[in-house]
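Here is a short briefing on a ligand and the protein around it. Have a look at the structure first, then read on.

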Amino acid sequence: MRSTDSTRIYFDRAAEELDLSDNMRKLLLTAKREVQVQIPVELDSGELTTFIGYRVQHNDARGPLKGGLRYHHEVDLDEVRALASLMTWKTAVVNIPYGGAKGGIALDPAARSRHELERITRRFVDAIHDLFGPDVDIPAPDMGTSSETMAWIMNQYGKYHGFSPACVTGKPVEYHGIAGREEATGRGVGILTTKLLSRLGKKLPGTRVAIQGFGNVGTHTAKFLHDAECRIVAVSDATAGFHRAEGIDVLAALRHAGANRGRLEGFTGGDAISNAELLAMDVDVLIPAALGGVLNASNAASVRAPVIIEAANAPVEPEADAIFESKGIISLPDILANSGGVTASWFEWVQNRQHYQWGLNRVRQELDKILGDAFEQVWQLSQSRNLPLRTAAYMVGVGRVARATVLGGLA
Ligand code: NAD
């Protein structure tokens with residue numbers, strides 16, 4: 001199923017519950033602007049190659065556009081379009097004053113040298129620098145990009161527009177970033193997992209967790225839940241997967257990946273498993289934290305975890321969602337589960353604009369409060385209307401954007 005068809009199905013269900021008019025639905029489903037640019041770059045070999053970059057600016061009814069930049073070989077306009085709309089609902093669910101956008105470049109970052117990635121990023125900024133900025137659209141890291149990528153973006157943007165640290169978030173702490181942003185998505189996943197388990201009457205210590213993806217989000221999620229005394233029994237990434245019933249030594253896995261260009265390949269602290277085996281594992285909590293669409297019609301029936309936390313964007317396709325609902329499997333939807341990243345990005349943007357820095361404790365406290373409030377609102381709505389958490393989260397997000405659209409007026 002195309003990515004936009006999946007997100008449309010989730011949107012429609014909430015729009016139905018909210019009783020939105022057809023005209024409002026059309027407006028909310030249409031992107032404000034979509035851009036595709038060519039990025040001609042000379043590779044280290046001297047060969048000239050042209051990459052394709054995208055930025056989809058979905059909706060800015062509630063504030064400047066906000067969303068990550070993904071480097072992955074499967075990036076295409078349909079995927080970026082769907083991810084941009086998720087950002088609109090996500091910023092609205094946590095009630096921060098942003099709209100939604102997403103960008104991407106179709107490339108395999110592992111196959112490119114650091115210098116090539118820097119040149120590609122700077123050429124991309126050359127192509128779109130008039131379309132983003134602190135009050136317009138603020139990119140951030142996503143799959144395949146890092147704080148270093150964000151530093152290149154800020155630096156290149158500054159060549160056109162002057163010193164503008166708030167033009168991008170997720171920057172290195174030593175280069176106008178903030179303490180607590182890098183960990184924020186995974187930490188948020190951990191916080192929301194504990195809140196959901198507590199609402200379900202389950203205890204954290206000993207809870208068996210499987211995590212797919214061991215990048216920014218997966219590693220910080222693993223660390224947070226490990227510190228909370230959960231048992232991380234399985235981890236995987238694009239290169240390998242491991243299982244250990246007594247619990248993986250998360251710190252050893254982090255050290256291994258840290259010394260191995262972020263890869264789990266070659267880790268010796270567990271039995272080798274495939275990604276398919278990880279998703280079907282007998283655990284208490286399953287956390288997809290890598291690609292979209294990994295839980296779909298072909299494998300949903302084999303999922304045994306009673307709780308799924310959608311740390312990745314769009315990891316559950318609608319056919320799988322229907323199977324989970326019929327089996328009583330509870331899914332915490334992406335637009336809430338991974339909202340810690342954009343929330344901390346908002347803190348970074350606020351501090352950049354004030355030329356002021358909060359300490360890590362304040363960042364964590366504010367993050368806990370915003371995520372806690374958003375979770376409670378979604379949980380209460382799902383309970384009072386007897387709806388899945390996904391529909392409740394979409395209702396909160398879509399409802400806020402629809403209201404802002406009416407209040408702002410169209411004339
Ligand atoms: P990352 O590039 O840091 O890590 C991605 C991880 O996924 C890596 O460990 C990689 O090996 C693994 N992976 C890639 N392909 C895989 C495959 N086929 N099977 C198993 N593992 C695979 O990316 P990230 O920033 O951690 O993002 C992960 C997910 O979280 C994405 O869906 C992203 O959109 C979402 N997300 C990220 C942020 C953020 O702040 N970084 C915020 C919100 C949502």
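Predicted model: local features only at pLDDT ≥ 70, side-chain atom pairs only at ≥ 80, totals over all residues.

Residues are numbered from 1 along each chain as its sequence is written, and side-chain values use heavy atoms, with hydrogens and water left out.

**Around the ligand**
- The ligand is surrounded by 22 residues, each with a heavy atom within 4 Å of it; Arg70, Asp142, Thr185, Ala290 and Asn313 are the closest.
- By class, this shell has nine nonpolar, nine polar (Gly counts here) and four charged (Asp, Glu, Lys or Arg) residues.

**Polar contacts (N or O pairs within 3.5 Å)**
- The side chain of arginine 70 places an N or O atom 2.8 Å from an oxygen atom of the ligand.
- For aspartate 142, a polar side-chain atom is 2.6 Å from a ligand oxygen atom.
- Glycine 144 uses a backbone N or O atom, 2.9 Å from an oxygen atom of the ligand.
- On its own the ligand has 840 Å² of accessible area (Shrake-Rupley method, 1.4 Å probe), and the protein covers 83% of that.

**Two domains**
- An automatic or database assignment divides the chain into domain 1 (31–164) and domain 2 (182–337).
- Their C-alpha centres lie 27 Å apart.
- Twelve residues from domain 1 and ten residues from domain 2 make the contact between them (heavy atoms within 4.5 Å).
- Because both domains give residues to the shell, the ligand lies between them.

Note on methods: Polar contact = N/O pair within 3.5 Å; in protein donor to acceptor, adjacent residues only side chain to side chain.
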